[in-house]
Amino acid sequence: MLLSSLPHYSSGTMNSSLSPASRVRGRKQTSFARPKTKVSKTTRTFRGRKGACVTTAGIDTKRDVVLVLGCLDRTAQCSAEQLSMNEKSQGARVVSVFPAQAFEGIKNPLDAMAKELVYPNEKVIDAMNEIEYVEVVSDESKEFQKALPNVTAVIIADEFAPNMLKSTENVISLIKDNKLPKLKRVVGLSHIGIDRRDQDPYKMMNRKVFRGGAILDRWSDAEELIKATAPKGNPLEVKWTYTIVRVGDLRGNGPCSVVYGDAMLTLVDNAFDVRMQDVDMEPGDKFDGFTKRLSAACVMNRMLTSTKVSVLNQTFSLISVGPVPRDRRKGYDVAKGRSPPPIRDEEIDEAVQPKGEEEEQGSVEGAPVPT
């Protein structure tokens, strides 16, 4: 899985610990001290695809609290942003969790003589704070502990396998300690190829010499931890259920992508966002290819808002397909802020529907990375 590109370094005079909580839209948020801009409350709406199935929302926006882990990575950032904008979840309290180290200053790596600390994640955290209905907290803060008793859903979206495993272990520990008494749903990010680790290219990907060491094993450990802890029995009767979404290597931007400094990777991500707007989705471990971050986030969110029994306690594989026809690419320029709309809930519901026999026998190949 790709990590986020190099962060933008900025200097400041802030303390190296968590800054005081500031009030934004009536809720406490841990953030860097910067003036906030007003965000429009308009809900995005997009034209549906003919014949798409429709289901009701599974989230009560007045009572439910969604905990999103892994928010240093763009998939989790996309998830938090889309939860605040989707009509089925808009208004629900979204708690965006960052590691405590994200708020700490470090010595300027570009100027050894500088006395002031730099805060690599400052712009990311500020950008997340500006998203409506989203509050940013540290995983070691009092605000995080106060939110736990009301959490009804958890999204674990770390893009780096060891981080994902650590976040999963932390969530399971909270569940076992009864610190999440209202929990109903857990949605976890994973990687395609887990069931094919003895085959190339996944056998090569799972080598211990790679960064993170046997990353598919780490993804598998996180999955098994969730499955082993989940209550057994009828999904409609147990206390909480899970859904795991396996993705290919991630491409595309997030709501805070402006702060990243890798120009070449940004060009690839921009092209991927425009060209690869559709998805293929199947139960189990299928496909080979790449997945758009925004699409992965929308699918994970839909696993929360959907009331379909078929998504409960299930594992799905998800890849982006394309390129889409030219008329669907016209007018978009990610570098100038004109991005394609996220995939719609109705399209996700249609992708989750069981396919016919002919479709099940066919194979779907992921598209190559645009260059």
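Me: Where is the place of P323?
Reply: This is a predicted model, where local features need pLDDT of at least 70, side-chain atom pairs count only at pLDDT 80 or more, and totals for chains, interfaces and linings use all residues. Residues are numbered from 1 along each chain as its sequence is written, while side-chain values use heavy atoms, with hydrogens and water left out. Helices (H or I, at least four residues) and strands (E, at least two) are DSSP runs, numbered from the N terminus. On that count, P323 belongs to the loop between strand 14 and helix 9 (326–329).

Me: What kind of peptide bond joins G322 and P323?
Reply: Check omega, which is about 5 degrees here. The bond joining G322 and P323 is cis.

Me: Is N313 buried or exposed?
Reply: N313 is in the loop between helix 8 and strand 14, and its phi is positive, near 55 degrees, though it isn't a glycine. Buried means under 20% relative accessible area, exposed over 50%, and partly exposed in between (1.4 Å probe, protein chains only). N313 has 19% relative accessibility, so it counts as buried.

Me: What is the phi of N178?
Reply: N178 lies in the loop between helix 4 and strand 9. N178 isn't a glycine, yet its phi is positive, at about 60 degrees.

Me: How are helix 4 and helix 6 oriented to each other?
Reply: Axes are lines fitted to C-alpha atoms, for helices over the stretch in contact, and angles run from 0 to 180 degrees between N-to-C directions. Helix 4 (residues 161–176) and helix 6 (residues 215–229) have axes 8 Å apart and an angle of about 15 degrees. Angles under 35 degrees count as roughly parallel, over 145 as roughly antiparallel, 65 to 115 as roughly perpendicular and the rest as oblique. Helix 4 and helix 6 are therefore roughly parallel.

Me: How many residues in the contact of helix 4 with helix 6 are nonpolar?
Reply: The contact (heavy atoms within 4.5 Å) includes L165 and I172 of helix 4 and W219 and L225 of helix 6. Ala, Val, Leu, Ile, Met, Phe, Trp, Tyr, Cys and Pro count as nonpolar, Asp, Glu, Lys and Arg as charged, and the others, Gly among them, as polar. The contact has two polar and four charged residues, and its nonpolar ones number 10.

Me: What about helix 1 and helix 8: how do they sit to each other?
Reply: Helix 1 (residues 74–85) packs on helix 8 at an angle of about 55 degrees, with axes 8 Å apart. Among the residues making this contact are C78 and L83 of helix 1 and L294 and C298 of helix 8. The two helices are therefore oblique.

Me: How many of the eight residues of helix 10 are buried?
Reply: Helix 10 (residues 345–352) is mostly covered, and what covers its buried residues includes strand 12 (278–283), helix 8 (293–305) and strand 14 (314–321). Its buried residues include I348, A351 and V352. The count for helix 10 is seven.

Me: Why is helix 2 largely enclosed by the rest of the structure, and how many of its residues are buried?
Reply: Among the buried residues of helix 2 (residues 122–129) are V124, I125 and M128. The helix is largely enclosed because, of its eight residues, the buried ones number six.
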